[in-house]
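Here's a quick briefing to read alongside the model. Keep the 3D view open and follow the points topic by topic.

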Amino acid sequence: MFWHLFRYSLLRLSRSYLAMALLVLTPLGLISVIGLVSGQIGASGEGRTGMDWIAASFVIGFQTIGGSYTLHYFHEDLFRPFKWRMRSLPLRIDAYGYSLLLASTLFSAFQGLVLILFTDWVYGANWGPLPWVMLVVLTVSFLSQLVCLLLVLTVRRFKTAERLSEVYGLGSMLLAGIMFPLPNTPFFDFLSTYGNPISLGMNAIFAMAHETDKAPAYVFLGLLLAATAICAGAAALLGRKRLI
């Protein structure tokens, strides 16, 4: 049954054309436009170019916004009046929830893969080993789906949950220094290095691609996995109360 539910969820996601336009074409346009202006900047002291930084920041950054898949489909199927129609069907609600979560994670990561391959082939962005990059992208994608799942499970008003999901995505971009440079203080240095999922993902990719010592890459990914495990435990407890 899980496979059929998973396939059904993937089919629905593949038909969400507006979301795909937002999460693929928007970062593609931003990377192209900003890359034309600053992507030809030479290699930094860490060995990465301007295009390396721009491509990684937008690909990882839009994974945080990809959590909106989970937010909207959980609300639409399991919390609106339509939920009683779903509950009348001969299926396990928890299995359907897991299939939605898994399909949203993989679909968002696949969109990231499209952008990674495009920026590699067209702009020559150096991503490092693709399996490692996809492991990081999948982790950020899963973490973002879990954060949005927690929002839809805990916030009573859906509009408020939507706004909070935007705060999570745009706030992470702000703390990562994507929108503008943060003040050069120890507090903001810590936030821009360890205090948000985008910086952790980018630093894990850059450390593996450009540094001789790979240990920092494993540290950054480990922090991402720890945050994901905490959110997964909280979502499992809350989901058991709200959905079953």
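There are eight aromatic pairs in this predicted structure. One of them is Trp-132 with Tyr-218, an edge-to-face pair with 5.3 Å centre to centre and 80° between the planes. That pair ties together distant parts of the chain, as Trp-132 sits in helix H7 and Tyr-218 in helix H11 (residues 215-243), 86 residues apart.

**Aromatic rings**
- Is Trp-132 buried or exposed? Its relative accessible area is 11%, which is under the 20% cut-off, so Trp-132 counts as buried.
- Elsewhere, ring pairs join Phe-190, Tyr-194 and Phe-220 into a cluster.

**The nonpolar core**
- The largest nonpolar core takes in 70 residues, and Trp-127 and Val-136 have the most contacts inside it.
- Which helix gives the most to this core? That's H7, with 15 residues.
- Setting aside neighbours within four places in sequence, Val-136 is in contact with Gly-201, Ala-204, Ile-205, Leu-221 and Leu-224.

**H7 against H10**
- The axes of H7 and helix H10 (residues 197-210) come within 10 Å, crossing at roughly 170°.
- Angles over 145 degrees count as roughly antiparallel, so that is how H7 and H10 run relative to each other.
- On the H7 side, the contact is made by Trp-132, Val-133, Val-136, Val-140 and Leu-143. H10 brings Pro-197, Gly-201, Ala-204, Ile-205 and Met-208.
- So Trp-132 turns up in this contact as well as in the edge-to-face pair with Tyr-218, while Val-136 belongs both to the contact and to the residues with the most contacts inside the core.

**Asn-203**
- Asn-203 is also found in H10, and with 22% relative accessibility it counts as partly exposed.
- What does Asn-203 touch, not counting residues up to four places away in sequence? Thr-193 and Phe-220, and Phe-220 is one of the rings in the cluster with Phe-190 and Tyr-194.
- Asn-203 and Thr-193 are 10 residues apart in sequence, with 7.7 Å from C-alpha to C-alpha.

**Helix H4**
- Helix H4 (residues 68-78) is mostly covered, with eight of its 11 residues buried.

**Confidence**
- Mean pLDDT for the protein chain is 88, and 95% of its residues reach 70 or more.

Conventions
Residues numbered from 1 in each chain as written. Predicted model: local features only at pLDDT ≥ 70, side-chain atom pairs only at ≥ 80, totals over all residues. Heavy atoms only, no water. pLDDT = per-residue confidence, 0-100. Buried < 20%, exposed > 50% of the residue type's maximum accessible area, 1.4 Å probe, protein only. Helix = DSSP H or I, 4+ residues; strand = E, 2+ residues; numbered from the N terminus. Phe/Tyr/Trp six-rings, centres within 6.5 Å; stacked < 30°, edge-to-face > 60°. Core = buried A, V, L, I, M, F, W, Y, C linked by side-chain atoms within 4.5 Å. Contact = heavy atoms within 4.5 Å. Axes fitted to C-alpha atoms, helices over the stretch in contact; angles between N-to-C directions. Parallel < 35°, antiparallel > 145°, perpendicular 65-115°, else oblique.
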